[in-house]
Amino acid sequence: MDSKKLIKIALFAGLVCLALYLVRSGVLTQLSFENLKARQSELQTWTSHFHVKAIVYYFLIYVITTALSLPGAAILTLAGGAIFGLVEGTIIVSFASTVGATLCFMGSRMLFRDWVSRQFRTTYEKVQAGLEKEGPFYLFTLRLIPAVPFFVINLVFGLTRMAPQTFFFVSQVGMLPGTLAFENAGTQLSQIESPSGILSLPVILSFVLLGFVPWIAKAGLQYAQQSKIYKNYLRPAIFEFDVLVIGAGAAGLVSAYIAAALKAKVGLIEKNKMGGDCLYTGCVPSKALIRSAHVAHMFRRGAEFGLQAAVPQVDFAKVFERIQKIITKIEPNDSVERYSGLGVDCISGTAMIEDPYRVRVGDRVITTRNIIVATGASPMVPAIPGLDDVPFYTSENLWKLKEAPKNVLVMGGGPIGCELAQAFQRLGAQVTLVEKADRLMIKEDPEVSEFVLKVFKKEQMTVIVKSEVSRFEKVGAGGKALLKNGNAVPFDAVIVALGRRAHVKGFGLENLGINLRDNGTIETDECLRTKYHNILACGDVTGPFQFTHAASHQAGFAVLNALFAPVKTFKADYSALPWCTYTDPEVARLGMSETEATAANVEFDVNRYELDHLDRAICEGENSGFVKVLTAKGGGQILGVCIVGAHAGDIMAEFTLAKRKKLSLNDILNTVHSYPTFAEANRFVAGVWKRKNAPQGALEFLRKFHAWRRGTA
C-alpha cells in the first residue's frame, strides 16, 4: 500500500475517532436550544470577564464542529449573537464558519475526490467542466439558501477542482446574509421559544427567493449585454425565415434537414454545389480512391489466399473516372431537388451577412430570426519558396489528376496525409512522406504511430520524420524538395496535407466583429452561439473536430438552440465522439488515449486484445492489430478506446454506444455477438477486463464448494 493511501486511512481514522469522542463525551449534547437559553446569562457573564478567551474557545469549537460536519452548527451560530452581540458575533461566526467549511472541503478532497473521479469519470468530468466556468456562481447561490445543508455543500464541493481560496471567499460572502439573520435572532434569544421561530416557513421561503437573485442578476446581465450588442440593428417586425443556413456541406445540410423536420421555415444558401467538401473533395472521393488502392494491394497478396500473385495494371484514369461515377451516384442525396422536397428553400448564390437579421444574396435581402454559419474549411497551403512553381495538389484539386505520377511527395503525417500516401503507394507510385513531428499521427498513442510506420515501410514507402521542406525547385515537369535536414526529394507531384483552415472571410463576419479563436475558427460558446446569440456556427468553421460526423452532430445542437433558446438551450456534447483514420489497417479512436490519460493524471487500467487471436480476422488474413480499452481504475467504465485493424471504424460503433449510454465492459461482455465476426473482438477485450477483475475470494469459495460436492474436500 502506497504512502498516499496510508495517509488517507490514518486521517479518516483520526477524524472518526475525534467525532466519536466528542459524541461519547457528551459535549454535543450541550449544543441544544434549551441548554443555550438556560445558560445564556451565565455565558454572557463569563464572557464579560474573559472576553478574549471566550472568543478563542468559541471560535475553536465552531471550527471543529463544522469541519467534522457534526450537528450543532445552527445552535452555535445562534449562540454567537446571544453571547457576543450582533456585530461581534457576526464577525466571529463569519470567519469561524468559513474556516470550518474550508477544512471540511479540504478533508473531502483528500479522502474522496480521487475515488469519485475514477468511479464516475464521465459524469465527474462533465460536472467539472461546468464548474470551471460557473462554480463560484453555483456555490454563492447555494450559500444563500440555509435550507441546503451546510455540510453537504462542503463535502460535495471538496470533490471538485475548485481552488480552496475561491471556496473560502465565495462561502464567506454567500453565508453572510444567513449569518446576520441568525446573529440577530441570537440577540433576541429570550423572546424565541424554539429554533422554528428563527427559520419559519416565511423566512425559509425568503432565503430561497434570495437564492434566485444571482440567477436573475445573471440573466439580466446577459440580457443587457445582448441588448448592447444588438442596439444598432433594427429588428424586423416580420421574418422570412426562422433559420437561414449558409453553406450546404455536411453541417449545413443536416442543419437544414433538422430545422425543416421541426417544421421551421428554413433557407439554405450555397454558392457552389450542394454536398460540399465531403462529397466532392473529401470523404467520398478519398474513400473511393482508398478502395481501389486496397484492391490493387490484394492482387499482390494473392499467394496468401492460394491464388496466383500478380502485379496489378493500374489504369489511373479509370480509377479517377470511377471516383467521379461514385460522386455522381451519391449527388442526389444532397441535391436541391431532395432538400426542396423536404421543405427547405434552397438559394443559389453568395451570402453576405449585413446584420444579425439580414443576409444579402445578390439583389435579394433576406430576413431571418437566426443564422447558422456552416461554411466549412479548406486545405492549408504553406508559404514555402518555389511551391507555386511545381505541380502540387491538395484534397481540393487532387481529383483532377489524369495521369499516374511516378514519384509523389506527401507533406504531412496526419490522417489525410497517411491515407493518401498509402493509397498512392499501392497504386504504383513511389511515395515519400515528410512529417515535421517526431512521429506519424501525432494525436494517437506512440504505439499506434509505430504500428502504422511499420506497415508503410513494409509497403516500401519512404517516411521522413522530424523534418520539413525549406524550398522547392522545378526540375523538368516535376521538381525537387529541399528538406531542412539536408536531404533532397525528387517528385512528379506534391500532395499538401497540413491541415485545414476555416472559411471565415468574404461573407460579412468581419463587419459584425465576430470573434475568432487563435486557430482561425469562429469562437462560439458551448451552445455554438457567437457573440450574437442568433448567429450560430457548426462544422469545420468552428471545430474543435473537423470530421463530417462531428459537423452533423453539432448541427443538431445549433438548430435546437436557434429554434428554442432562450426557453431551452442545449450544450454540445462531445463525450462519445469517435473518429477513424482509413489507413490499412484502420485506426479508430474514442475518448481519451493512453497518452492523454497519463498527462491528465487519470488513474486507469489498460485492457488489450490482439487481433491475431480473432477467428474471423485469421480467416480473412487481416489479423494484424489490436483493441485497447482504457477503463477507470478498478472499474469497467470506458474512458477511451483505440482500435487498430481491419474494419476498426465499424467495430468502434459498439463502444461509442456503450460510452454514450454509460454502459460498462461488463455490459459488452454480456452481449451476444455473431460468430465469426470482427465485432467479437469487443467481447473478447471485455473478457480480458473481466479476468483481471474477477472476484478471487468468490472463485476460491466455488473451488472448495465443487471439491466438497465431489467428495474430495
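Modeller: Let's begin with a pair of neighbours: strand S9 (residues 407–411) and strand S15 (residues 493–496) run parallel and are joined by 4 bridges. Strands here are DSSP runs (E, at least two residues), helices are DSSP runs too (H or I, at least four residues), and both are numbered from the N terminus. Two strands count as paired if DSSP finds at least two bridges between them. One of the contacts to look for is Val 408, whose bridge partner in S15 is Ala 493.

Before going on, a word on where this comes from. This is a predicted model, in which local features need pLDDT of at least 70, side-chain atom pairs count only at pLDDT 80 or more, and totals for chains, interfaces and linings use all residues. Residues are numbered from 1 along each chain as its sequence is written, and side-chain values use heavy atoms, with hydrogens and water left out.

Now widen the view. S9 and S15 belong to an open sheet of 5 strands with parallel pairing, in the order S8-S15-S9-S10-S11. At its edges are strand S8 (392–393) and strand S11 (462–465), each pairing on one side only. As a general point, strands of a sheet pair through backbone hydrogen bonds, either parallel or antiparallel.

Next, what lies across the sheet? Helix H15 (residues 415–426) lies across S9, S15 and strand S10 (430–435), and runs at about 165° to S10. That angle is between N-to-C directions, on a scale from 0 to 180 degrees, with axes as lines fitted to C-alpha atoms, for helices over the stretch in contact.

Within H15, have a look at Gln 422. Is Gln 422 buried or exposed? Gln 422 counts as buried because its relative accessibility is 3%; buried means under 20% relative accessible area, exposed over 50%, and partly exposed in between, using a 1.4 Å probe and protein chains only. Setting aside neighbours within four places in sequence, Gln 422 is in contact with Val 455, Phe 456, Glu 459, Met 461, Thr 583 and Asp 584, where contact means heavy atoms within 4.5 Å.

Finally, here's the setting for this part. The protein chain has 24 helices and 22 strands, and 47% of its 713 residues count as buried. Among contacts in the chain with a separation of 6 or more, 68% are between residues 24 or more positions apart.
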